Amino acid sequence: MEASTPLLSQYDQPAEPKQPRSLDETIERCIGDFGWSQFLQAALVSFAWVFDAQQTFISIFTDAEPSWHCTQIEHQSACNSFSNICQLPKNSWSWDRPAHTSIISEWGLECSSSFVTGLPASSFFMGCLAGGLALATLADSTLGRKNMLFLSCQMMSLSSIFTVFSSNIWIYSALRFINGFGRATIGTCALVLSTELVGKRWRGQVGVIGFFCFTLGFLSLPVIAYINRGSSWRTLYLWISVPTIFYCILVRFLVHESPRWLFVRGRKEEAVSTLKIMAQANKSVLTMSFSNLLIEQESWNAGLYSSIKILLNKRFAFRRLAAVMVAGFGIGMVYYGMPLGLGNLSFNLYLSVTFNALSELPASLITFFLIGKLNRKGSLLGFTILSGISSVLCVVIGKVWPVLQIGLELVSFFSACTAFNMELIYTIELFPTCVRNSAISMVRQALVFGGVFSPVLVAAGRKNNLLSYGVFGLVIGVCGLPVHSLPETRGGTICDTMDEEEHKEKEKAAANAMTLA
């Protein structure tokens, strides 16, 4: 009878004589597995992924080289669509649209080296790497999930607004670096915060909300760009930065900090206050007393970078982190490289880009509906292998059946997208609350680091697809193999401290040893 006594009731109940065994169970029994309050909080937090996607892919339109046409009849014999405009007289050709629609045409970069024209995009991803390393532990140590999300969105939106006033490619690239630096932790904080607000049964589904929002942000860019197709490229930055500022205000005043993180950091009164607010939103009254709740304290000193240090020093944590980061490197190479290499395939470029953008949606749907039934380890391993095989087959039969080639490319990219989603959900469940944000950040850095090599391989693959799609398939297939050594986490309980996670790991090892004996 004691175990079935509800913690939330419309009437006052006497405190239970027996406390739940874990903080995870305590919070679930206080505010429920998944109520309206948790749903609204998770949805609002996950919406940050929309702005994250827009900032990531906006350079597709702002940094594009516009189309051009010949202008003078006497030059028609020398000027045609296959001509190199750098070898033509300036008065013999003109841009199809106003020069201010792209940085290439506005700043006269059409004859600049690929290093210069690609510098803004490269600076953005380098900023993501730097920001991920510099800011990764702040959400676990001092700032918390909510404050880190607020500051990251604010930095991203303000740097995007300042980008509007860029006068040359160098200032523009520097601001893109700052933009990437601020954007680096948005997805991580949004994912961790949204999943820590709900019970373990709903963690996977809530995590997928962010992936839906990312797809929504990606698909919104072509619409915004089409509406402003004759306007300045600076207008696009205003369209995606101003709404982000309003979103920051909503986060500041409407989003709650993770009660799990507050408890682990010893801020019990704030955690209880947050739980009471969420309980009231669910039309319940919190009657349980937390005065006797014992939270296992960490045996390591909580400093700024101590979460990274403990991930590297604890053997089981390092083994898990290494495996998921290696897998992330391979997934990131395919996830960012496949869309870049579409121009190397024997298929209509515009259709193939559209199909790739839309393939993220079914990947998110499959993750959402099947996350509760799929084993994490087996699914991640299976999708990486499928992506690798499909990518290699693109090279083998590409020149014979172009239609089948784009079909295999879509299968490979779809599998990489699904593996991307599964990888982040799996990482959340592998690491305890005290280091979860740092672990997710490291995995995301591995994903971005894999994407850094993609443009080089795509350029090499223009002459031989084996150097692009062949390498993509080999890398993601091999990098997914270390996942086989990780424990299965589906349906398991989230731990809050490293000591608790280590104790659970030892219990599993002992149980396996007894089974073998």
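## Terms and model

Buried here stands for under 20% relative accessible area, exposed for over 50%, and partly exposed for the range in between (1.4 Å probe, protein chains only). This is a predicted model, in which local features need pLDDT of at least 70 and side-chain atom pairs count only at pLDDT 80 or more, while totals for chains, interfaces and linings use all residues. Residues are numbered from 1 along each chain as its sequence is written, and side-chain values use heavy atoms, with hydrogens and water left out.

Let us start on the outside. At 57% relative accessibility, Val 396 counts as exposed, and this residue is found in helix 19. (Helices are DSSP runs of H or I with at least four residues, strands are runs of E with at least two, and both are numbered from the N terminus.)

Val 396 belongs to a nonpolar surface patch of about 680 Å², together with Ile 385, Ile 389, Val 392, Leu 393, Leu 474, Val 478 and Leu 481. Helix 19 (376–397) and helix 22 (469–479) are the elements that give two or more residues to the patch, and helix 19 gives the most, with five. Patches take residues with over 30% relative accessible area and no salt bridge, joining like charges within 9 Å and nonpolar side chains (Val, Leu, Ile, Met, Phe, Trp, Tyr) within 5 Å. The areas come from the Shrake-Rupley method with a 1.4 Å probe, and for residues only the protein chains shown count as cover.

## Covered helices

Now for the inside. Helix 10 (residues 186–196) is mostly covered, with 11 of its 11 residues buried; among them are Gly 187, Cys 189 and Glu 196.

In helix 18 (residues 360–370), the buried residues include Glu 360, Ala 363, Ser 364 and Thr 367. They span an arc of only 95 degrees around the axis, so they sit on the same side of helix 18. The arc is taken from the directions from the helix axis to the C-beta atoms. An α-helix has 3.6 residues a turn, so residues three or four places apart point the same way.

## Cysteines

The structure holds one disulfide, a term for two cysteine sulfur atoms within 2.5 Å. Cys 86 and Cys 111 form it, with their sulfur atoms 2.1 Å apart. The torsion about their S-S bond is about -120 degrees, so this disulfide is left-handed. Cys 86 is partly exposed at 37%, and Cys 111 is partly exposed at 46%.

Cys 189 is buried at 0% relative accessibility. Its sulfur is 8.8 Å from the closest cysteine sulfur, in Cys 153, which is too far for a bond. Cys 248 is in no disulfide either, the nearest cysteine sulfur, that of Cys 153, being 4.9 Å away.

## Salt bridges

There are five salt bridges in the whole structure, each a side-chain nitrogen of Lys or Arg within 4 Å of a carboxyl oxygen of Asp or Glu. Glu 106 meets Arg 234 at 2.4 Å, N to O. Glu 106 lies in helix 5 and Arg 234 in helix 12 (residues 233–254), so this pair ties together parts 128 residues apart in sequence. Arg 376 pairs with Glu 429, their closest N and O atoms 3.0 Å apart; Arg 376 is buried at 4%, and Glu 429 is buried at 9%.

Salt bridges that share partners also join Asp 52, Arg 183 and Arg 444 into one network. Arg 183 lies in helix 9 (residues 169–183) and is buried at 3% relative accessibility. Leaving aside neighbours within four places in sequence, Arg 183 has contacts (heavy atoms within 4.5 Å) that include Phe 124, Cys 128 and Met 156.
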